[in-house]
Amino acid sequence: MATEQQTGTGGGDDEQPLGLTVASGAVAAAVVVPLLWLVKTALEVGFAEALALVTRPTTVEVFLNSAVLVTLVTTACIGLGVPLAYLTVRTDLPFRRFWTVVVSLPLVIPSYIGAFAFVSAFGPRGAFQRLLAPFGVESLPEIYGLPGAVLVLTLYTYPYVFITTRAALKSMDTTLIDAARTLNHTRWESFKRVTVPQIRPAVAAGSLLTALYVLSDFGTPAIMKFDAFTRVIYVEFGTFGRDTATLLSLQLIAVTLLILTLESQIRGDERTTTGGRSGSPMPLGKWKYPALGFAALVATVALLVPLGILFTWLAQGVAATSGSLAFQPEYALNSVLVAAATAGAATLAGLPVAYLAARHPSRLSSVFERATYVGYAVPGVVLGLALVYFGSSYATPIYQTLYLLVFAYVIRFLPQAIGSLRASFLRVDPALPEAARTLGETPSGAFRHVTLPLVAPGLFGGAALVFLTTMKELPATLLLRPSGFSTLVTHIWTAYEQGYFGQAVVPAFILLFVSGLSMLVIITQEGYDVK
Amino acid sequence: MSNSTLSTTDRSNRTESTDSEADDADAGGVLELDGVSKSYGTESVITDLSLSVEEGEILTLLGPSGCGKTTTLRLIAGLDRPDGGEVRLNGNVVSGGGTFRAPEERGVGVVFQEFALFPHLTAAENIAFGLKDLDEAERDERVRDLLDLVGLETQGDSYPDELSGGQQQRVALARSLAPEPAILLLDEPFSNLDVDLRVQMREEVRRILKEAGVTAVSVTHDQEEAMSISDRVAVMNDGDLEQVGEPEQVFQHPESRFVAGFLGYAGFLPGRIAGGVVETELGSVARDQIHGLAPEYDDTDIDILVRPDDVSAHPCGDGGEGHGKVVGKRYLGPTILYEVELHGGDTLLCMHNHDETVPTDGCVEVTLDAGHELAWFPREQRPETGPYSD
């Protein structure tokens with residue numbers, strides 16, 4: 001018989017690289033550990049006490065408030081995002097490229113800046129009411145509360161649905177629709193029976209992003225004075241209601257997990273195909289002007305209102321303010337510093353996790369990958385809270401330092417880096433590094449010379465995305481910044497709390513500019529196709 | 001302007017090295033597989049495979065999809081690790097017996113199925129990728145020579161996505177030849193090309209390989225491709241080697257029904273050996289026309305392998321019963337295949353020129369008229385299912 005030096009029988013020999021697995025596991029553990037402290041803190045609350053806190057009427061009300069908010073916003077986002085995606089991909093809407101860009105732009109505006117602007121525009125004695133006062137308009141419909149929160153969150157999160165749906169529509173094999181048409185289906189029927197099942201996973205993915213964003217958003221409910229989980233947790237924490245804050249945080253995490261489960265149900269089997277030629281676009285006919293009007297209305301409300309308000313403040317002159325509130329260039333520098341550090345750290349931490357998940361799929365690698373998503377699903381307020389507990393009792397050397405802040409950001413936004421990296425790794429034909437090996441490269445040489453250059457766009461795209469979102473992050477920044485450390489975001493928040501809205505104008509403009517710049521990077525690097 | 005000493009090794013000279021199967025036992029091959037096995041999970045892909053490849057020859061692993069031929073290639077390249085057995089390159093063990101050499105330490109070249117050209121590098125940079133040990137001038141010269149060899153002198157600065165399928169394949173070939181590998185492996189090298197281009201590239205690839213003088217193992221499921229580019233073919237089925245030999249040898253004297261059916265159309269004519277003849281439905285066939293019919297098979301039932309060009313069908317004479325009736329007709333362009341069901345129930349394919357018509361109703365007589373020895377198989381090996389075709 002042949003030489004018997006068997007390398008383990010039974011299991012496939014797709015050997016899991018040890019170093020990578022360890023690195024990947026370490027990253028996953030680092031993400032999960034702080035949250036375990038939250039659970040531990042919650043367990044220290046007595047059972048009877050906890051039950052009383054969780055079941056008292058205000059807690060139930062907070063839960064219902066959040067549920068209604070998430071449902072309404074997600075529904076509205078699908079209502080805006082899917083039609084806009086269809087219009088810009090499949091129809092002969094004039095200036096489709098222009099609309100694609102314009103309709104994606106609200107993503108650049110942090111929702112709390114939007115909320116801020118809407119409150120100043122439409123609030124009592126706001127800019128809009130003053131404008132209408134000569135016409136005898138005494139008051140506008142109440143903007144505070146649920147309506148305002150739904151409006152603002154919809155306007156600044158529907159691009160998630162729009163972008164994912166657009167990508168699915170673009171990559172979908174249009175000959176499938178031709179096939180349906182030849183099988184005696186009308187356009188509407190073939191849309192329902194062919195297009196919808198094909199884009200459903202993408203719509204679900206976009207809706208998931210929206211729902212998670214809404215659930216975790218702190219700024220908008222706070223500014224709109226709407227008692228969602230995040231606002232109540234922050235308020236309770238500030239007023240030493242530590243136990244309530246902790247228990248509400250755990251509840252919020254439970255709701256988040258529920259949404260994640262729901263999404264995987266809706267997503268269904270991902271049996272989608274890609275490729276195929278793009279057929280001729282659907283003629284809009286008499287619907288052309290209503291369609292244009294729809295796109296224009298969305299863009300106007302989402303973009304022109306906040307910009308209009310900001311320019312009004314700018315015109316009114318913001319220089320005339322008290323010294324302590326004046327904007328310092330240092331704030332911008334601080335923001336860029338922490339965002340860049342986060343982008344770099346998240347990319348480094350994401351590399352082993354993404355590579356392992358893409359190239360050595362196994363139960364373990366997918367557990368690690370999933371674990372890193374925990375930070376993304378956990379709202380910033382909760383994460384901030386968890387790290388405050390963790391930092392103050394177990395990691396005192398880094399508590400109240402920038403390290404802990406960056407660590408929080410990395411936990412929070414790591415999935416953006418990993419998602420982008422993993423997709424890039426998957427796009428690299430496994431035969432390419434193999435070809436490099438047969439041409440004399442070591443495994444690490446093949447990685448450096450072949451794989452890395454090919455994933456570079458995805459790597460930078462992911463880093464830019466992390467940079468962008470870190471710049472805008474509000475709640476964790478508020479909870480974890482070292483005392484005396486101010487960023488663009490915290491400065492805006494101070495201006496809001498003190499009621500000097502005009503003070504927010506410079507940092508708001510800078511944030512918009514930086515966000516727009518990062519978006520541009522993403523568009524060019526990721527090849528986000530606006531044609 | 002090819003080098004004449006290299007280009008003379010073309011197909012007409014192949015017959016010089018007859019009986020190469022006998023050489024398999026020698027340990028002098030560039031590449032040797034000895035009892036190699038491989039399974040993924042519980043599924044065994046290759047079991048106890050042994051093969052030897054001689055210096056300078058082109059050997060093709062031929063078999064249906066899933067037969068383990070691509071796995072064999074990956075084991076040779078070191079891209080996968082065998083579960084057992086030994087792989088030797090130029091006499092050195094590269095896997096087995098506790099050693100496993102990484103692909104980059106083996107000196108094998110691979111032309112991947114979808115070419116695997118590095119999309120971020122130009123054609124010239126792709127070719128230069130494996131030439132790390134040369135200085136810049138030498139490297140440039142080598143790249144120029146290879147571009148020349150594959151007929152892409154002017155395409156060096158093009159990126160892969162700017163090249164046609166045939167050009168990409170030439171670059172892939174040049175890239176794998178550049179480091180002068182001990183052996184070149186080609187994984188379904190033509191499957192990614194259009195049909196017209198495929199035929200043209202077969203000739204071209206064979207020319208390039210012979211001009212480079214490289215030992216090559218190729219893998220395909222296309223029997224025509226295997227026959228046209230190879231010095232020897234190795235027919236694989238279900239993780240086993242069925243037969244290894246020169247294309248003509250394997251085609252004319254298949255050692256198994258599988259091989260007979262996999263290479264070209266095959267029909268099986270039942271017969272019984274009776275003294276100096278074999279009695280069949282189509283009449284007696286002289287015993288010496290059957291290849292290697294040993295005496296111990298006297299008075300047994302056999303199946304004679306009949307190719308469509310060995311038989312022809314004609315309308316029955318008046319009142320004659322003939323041998324069977326036409327049950328199918330396939331146009332192949334210049335020729336037509338008639339499917340004739342014999343009275344005994346077996347089917348034969350008869351090839352005719354397109355201008356000869358055979359009536360598709362009524363009985364036909366079938367004439368066996370082969371200018372060569374016929375292969376045969378003992379009847380008891382006949383499988384339950386029908387004969388293989390295509």
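B:Ala116 lies in the loop between strand 7 and helix 4 (123–128) of chain B. Although B:Ala116 is not a glycine, its phi is positive, at about 50°. The model described here is a predicted one. Is B:Ala116 buried or exposed? Because 26 C-beta neighbours lie inside 10 Å, B:Ala116 counts as buried.

**Chain B as a whole**

Chain B contains 10 helices and 21 strands, and its C-alpha trace spans about 85 × 50 × 45 Å along the principal axes. Of its 390 residues, 43% count as buried. Among the contacts in chain B with a separation of 6 or more, 68% are accounted for by residues 24 or more positions apart. An unreviewed UniProt entry lists residues 31–263 of chain B as "domain: ABC transporter". Over those residues, 31–263 of chain B, the chain is 34% helix and 28% strand, with end C-alpha atoms that are 25 Å apart.

**A sheet in chain B**

Five strands of chain B form an open sheet in the order 2-1-4-5-6, with antiparallel pairing. Its edge strands are strand 2 (43–53) and strand 6 (99–100) of chain B, each of which pairs on one side only. In general, the strands of a sheet pair through backbone hydrogen bonds, either parallel or antiparallel.

How many bridges join strand 1 of chain B to strand 2 of chain B? Seven bridges join these two strands of chain B, strand 1 and strand 2, which run antiparallel, and in one of the pairings B:Ser39 has B:Ser44 in strand 2 of chain B as its bridge partner. Strand 1 and strand 2 of chain B also form a hairpin with two residues between them, and B:Gly41 in the turn has a positive phi of about 60°. Strand 1 of chain B is joined to strand 4 of chain B by five bridges, again with the two strands running antiparallel; here the bridge partner of B:Asp34 is B:Glu86, in strand 4 of chain B.

**Where chain B meets chain A**

On the chain B side, 31 residues are in contact with 26 residues of chain A. Strand 1 (31–40), strand 4 (84–89) and strand 7 (108–111) of chain B each supply at least two residues of the side of chain B that touches chain A. By class, that side of chain B has 13 nonpolar, 11 polar and seven charged residues.

**Helices of chain A**

Helix 11 (residues 229–238) of chain A is mostly covered, with seven of its 10 residues buried. The buried residues in helix 11 of chain A include A:Phe229, A:Arg231, A:Tyr234 and A:Phe237. After helix 11 of chain A comes A:Phe240, whose phi is positive, near 65°.

**Individual residues of chain A**

A:Phe95 sits in the loop between helix 3 (57–90) and helix 4 (96–104) of chain A, and its phi is positive, at about 55°, although A:Phe95 is not a glycine. Why does A:Phe95 count as exposed? A residue is exposed if 12 or fewer other C-beta atoms lie within 10 Å of its own, and A:Phe95 has 12 C-beta neighbours inside 10 Å, so it counts as exposed.

A:Ala456 is found in helix 19 (residues 443–472) of chain A, and A:Arg370 is found in helix 15 (residues 363–377) of chain A. A:Ala456 is partly exposed, with 13 other C-beta atoms within 10 Å, and A:Arg370 is likewise partly exposed, with 13 other C-beta atoms within 10 Å. The table gives a C-alpha separation for each of these residues.

| Residue pair | Separation along the chain | C-alpha separation |
|---|---|---|
| A:Ala456 and A:Arg96 | 360 residues | 29 Å |
| A:Arg370 and A:Leu383 | 13 residues | 17 Å |

Definitions and conventions
Residues are numbered from 1 along each chain as its sequence is written. Chains are lettered from A and ligands numbered from 1 in the order in which they are written. This is a predicted model: local features need pLDDT of at least 70, side-chain atom pairs count only at pLDDT 80 or more; totals for chains, interfaces and linings use all residues. UniProt positions are given in the numbering used here, feature names are shortened, and annotations may be inferred rather than shown by experiment. Helices (H or I, at least four residues) and strands (E, at least two) are DSSP runs, numbered from the N terminus. A residue is buried if 20 or more other C-beta atoms lie within 10 Å of its own, exposed if 12 or fewer, and partly exposed in between; C-beta atoms are placed from the backbone. Two residues are in contact if their C-beta atoms, placed from the backbone, lie within 7 Å. Ala, Val, Leu, Ile, Met, Phe, Trp, Tyr, Cys and Pro count as nonpolar, Asp, Glu, Lys and Arg as charged, and the others, Gly among them, as polar. Two strands pair if DSSP finds at least two bridges between them.
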